[in-house]
Amino acid sequence: MRLEPRAHVPFWLNITAPVGAIVLAFAFCALLILWAGAPVIESYAALLRGAFGSTFAITETLTRAAPLIFTGLAAAVAFRAKLWNIGAEGQLYAGALAATYFGTGLITLPPLLMIPLLFLVGAIAGGLLLLLPVILKLKLRVDEVVTTLLLNFIVLLFANYLLFGPWKDPMAMGWPQAAPIIDEGVLEPLVPRMRLHQGFLWALAFAVFAWAFIRYSKWGFQIRAVGHNPDAAAFAGIPIGATVLRTALLSGGLAGMAGVCELAGLKGYLTLDISPGFGYTGIAVAMLAGLHPLGVIASAIFIAAIYNGADAMSRAMSISNYLADVLTATALLLVLASVLFVRFRPRLR
Amino acid sequence: MTTVDKGGAPPCNRLSSLRYDPADATCGETMSISEVDEAASGSAGAQPVLRLQDITKRFGALTANDAISLELKSGEILALLGENGAGKTTLMSILFGHYVADEGHIEAFGQRLPAGSPRAAIAAGIGMVHQHFTLGENLTVLDNIVLGTEPLLAPRQNTTKARKRIAELAEHFGLVVDPKKLVRDLSVGERQRVEILKALYRGARVLILDEPTAVLAPQEVETLFATLKTMVAEGLSIIFISHKLNEVMAVADRVAVLRLGRLVAEFPIAGASKEKLAEAMVGRAVEMPEREPQPLGPVVLQMAGVTVTGDHGKPLLDELHLLLCGREILGIAGVSGNGQGALAALLSGLRLPDSGAFELLGETVKRTSPVEMQGRGVGRIPEDRHATGVVGDLTVEENLILEACGSPRFCSLGLLRGGVIRRNAREMIERFDIRGADPTTTTRALSGGNMQKVILARVLSEKPKVILANQPTRGLDVGAAAKVQELLFEARAQGAGIILISEDLEELLQVSDRIAVLYQGRLSTPVAVEEADMQTLGLLMSGHGEFQRQKGARGHAA
């Protein structure tokens with residue numbers, strides 16, 4: 001088989017290719033389900049019910065999608081500028097640490113101010129954390145993939161130190177957790193008796209903001225130009241360094257807000273398991289969305305649904321819920337492969 | 001390689017292992033070139049060496065090749081003439097097996113060629129010299145030539161034989177090059193010779209040369225043409241791809257003209273004229289803009305003793321003196337890599353001179369950046385449209401504001417003014433005749449000429465006082481090149497001084513007011529175009545003649 005470049009990409013292909021890839025991913029995982037000895041149709045039905053089958057299922061899926069939207073946006077914005085921020089996980093914890101610092105009694109404001117303040121300090125913490133590797137990248141050409149990735153562990157271990165040491169809540173009966181966020185800072189539930197909270201709306205709002213910023217602002221334009229062709233952008237006089245720094249602040253800020261969202265919306269206090277790898281999954285979310293900020297909403301909900309649904313399926317059919325990982329991973333790989341077929345035409349022989 | 005079935009027979013077999021060759025079975029080490037030639041000429045005239053039958057190739061809605069039928073006779077040079085995008089390269093890619101034709105087939109020496117296999121094409125005796133060379137820079141000439149013809153795992157055994165054979169070929173065809181040298185130390189002309197030797201070594205009887213003169217100095221072009229004539233005299237056949245009429249007239253026996261994927265004309269060169277060729281190629285008569293004399297304006301750019309040193313301490317520009325006035329086009333000739341890049345970098349705001357004075361509009365340039373240069377009224381047309389000129393994935397309207405995206409005209413309170421930008425794009429598309437584009441077209445989809453017009457629109461609409469035009473018409477078809485030149489003339493009439501860097505001497509002689517040659521970072525004394533001639537300029541381009549530093553000359557006396 002050989003590939004030839006397409007002169008024109010038909011519009012329908014842009015949509016059918018990723019959808020087809022996801023269908024293929026489900027087909028592939030059907031084989032694994034069969035292998036595990038469970039009926040495919042019923043398993044997938046259980047997955048669907050677990051993800052969207054009831055008010056509870058839907059709210060759980062959206063609850064899980066909220067931090068994924070934030071980290072997905074963080075990756076999408078950075079990758080647009082070809083800034084490979086793999087450190088959303090660390091930035092998420094940095095945001096949560098900052099929110100814990102300010103939100104556990106240091107400052108008390110009415111909720112209308114307190115919540116934006118928490119998001120702000122979380123964003124600043126996440127942004128500043130990403131600034132460090134980006135300055136190293138700009139000044140010394142240190143590869144940011146390595147530095148952002150390794151910073152994750154540093155931040156996590158720092159949080160570890162704080163939670164086992166100075167920040168340990170004496171009321172927590174020995175558990176490594178910090179003091180709870182004050183009531184004014186808590187994100188209210190959206191549906192009575194469900195865990196879905198205001199953070200989801202914040203995530204939606206920031207997705208729209210990120211989209212508008214990238215599309216309509218001068219800085220967003222510069223981010224796109226630098227991402228697509230840094231040489232041409234530099235030649236035209238667009239400041240590469242400043243653009244990358246802005247991107248870093250935005251990307252790190254969005255990841256930091258994921259931490260605030262989880263802390264103030266779901267847990268209420270900082271623990272070490274506040275994120276089951278949302279920072280890393282955010283990369284998959286962004287890639288699946290083709291780095292489009294509004295697409296991130298859909299892909300975050302999709303991935304959240306798969307994880308939630310897989311839990312339900314695993315309970316109903318006694319299949320390992322690791323299938324969710326396999327499913328998202330194959331979907332991601334196939335979507336990336338489908339991009340190839342959008343840009344090139346396969347020819348046999 | 002193709003000799004696998006023969007257990008890695010020495011390449012000597014290859015030259016003679018064509019199917020019609022009676023010597024095939026008996027080929028030994030002693031087989032000489034003249035024997036092969038006899039074998040080839042024995043079949044000359046009996047049948048075409050190459051026959052393309054109804055080749056059709058579509059890319060989506062675009063038909064790149066539309067039922068093209070061509071024959072190449074033994075011992076002739078066939079020029080394949082056509083504008084960019086006419087389908088020349090596609091056709092040759094099909095011939096060499098890089099692409100598979102949708103319809104039609106190819107016969108080489110009477111045998112049908114399997115589609116889509118470069119290996120089969122090589123086995124059939126077809127050799128291709130690409131426009132961009134495919135040599136390993138870190139290998140010697142010998143290694144590059146032999147690479148791929150020897151079995152992978154065998155110990156190096158045939159070096160002496162290969163060396164002898166290369167020496168034979170080189171001497172026979174006048175392709176002088178030292179086989180022990182590393183390719184990275186070779187000049188462009190020498191590299192091309194290595195490419196040709198490589199094809200011959202693999203037994204090519206049909207040689208395809210894709211725009212072989214684009215990178216050569218005039219003298220090198222003549223040497224190349226002499227070599228090509230020797231080859232066809234020996235019975236080889238050559239397809240010569242070009243869009244330069246003079247060269248086609250000089251070297252070809254026959255010419256086939258492609259336009260928009262169709263074969264529109266095919267005639268012997270003997271009865272053709274340049275005008276006839278141009279018309280066939282473009283489809284209409286093209287009028288090149290005429291240079292009208294203009295009264296010189298004030299000095300806009302001055303460089304005195306400017307030296308720029310490269311990374312390895314080698315001077316890129318060596319005490320350069322130059323003076324540019326308004327309403328003047330100063331043509332900078334020279335083979336690329338002789339300091340053009342450094343000169344362009346100075347004017348683009350990418351670097352400062354290491355020593356010497358650099359003045360723009362009477363002010364010394366002390367700090368530099370692209371924005372600084374824009375602020376001083378320098379319009380910059382970069383050498384490589386795709387790499388540094390436009391952001392291909394952005395739309396036309398976005399590329400038009402790439403430099404001015406922060407100006408209050410297009411941006412208020414950090415937000416882009418979409419309406420203004422859209423209107424600006426419509427106006428530019430209209431004024432600069434950017435075809436096939438609306439404001440939201442992805443720039444990558446434009447042809448080279450229209451992409452260049454986008455850059456010109458962006459640059460010229462700022463009314464620059466000094467314009468750097470670095471290879472502005474390279475790779476453009478005749479019509480687009482004429483438009484670009486016309487726009488440069490227009491800017492000149494409005495008072496701009498233009499530095500035009502080009503490798504195309506003909507263009508420089510046609511467009512410039514004065515011409516100077518850049519050779520190893522030194523500039524020759526600029527001469528008025530009326531006093532310039534190809535011969536002298538050609539000699540200067542290869543370093544023969546007087547350059548500023550030797551004479552201690554200062555710019556020019558305008």
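Two strands count as paired if DSSP finds at least two bridges between them. Helices (H or I, at least four residues) and strands (E, at least two) are themselves DSSP runs, numbered from the N terminus. The structure is a predicted model, in which local features need pLDDT of at least 70, side-chain atom pairs count only at pLDDT 80 or more, and totals for chains, interfaces and linings use all residues. Residues are numbered from 1 along each chain as its sequence is written, while chains are lettered from A and ligands numbered from 1 in the order in which they are written.

Let's start with a sheet in chain B. In chain B, strands β7 (residues 206-210) and β8 (residues 237-242) run parallel and share 5 bridges. Within this pair, B:Asp210 sits opposite B:Ile241 of β8(B). Both strands belong to an open sheet of 6 strands with mixed pairing, ordered β6-β7-β8-β3-β9-β10 in chain B. At its edges are β6 (126-129) and β10 (262-268) of chain B, each of which pairs on one side only. On average, neighbouring strands of this sheet are turned by 20° against each other, direction ignored. Axes here are lines fitted to C-alpha atoms, for helices over the stretch in contact, and angles run from 0 to 180 degrees between N-to-C directions.

Helices lie across this sheet too. Contact between two residues means that their C-beta atoms, placed from the backbone, lie within 7 Å. Helix α3 (residues 88-95) of chain B lies across β3 (77-82), β6, β7, β8 and β9 (254-259) of chain B, at about 145° to β7(B).

Zooming out, chain B splits into domain 1 (2-282) and domain 2 (299-377 + 464-551), with bounds from an automatic or database domain assignment. Where they touch, domain 1 of chain B supplies 11 residues and domain 2 of chain B supplies 12 residues. On the domain 1 side, α8 (218-233) and α10 (274-282) of chain B are the elements giving two or more residues, and α10(B) gives the most, with 3 residues.

Then there is the contact between the chains, which takes 23 residues from chain A and 30 residues from chain B. On the chain A side, β1 (2-5), α8 (218-228) and α9 (230-235) of chain A each give two or more residues, with α8(A) giving the most, at 7 residues.
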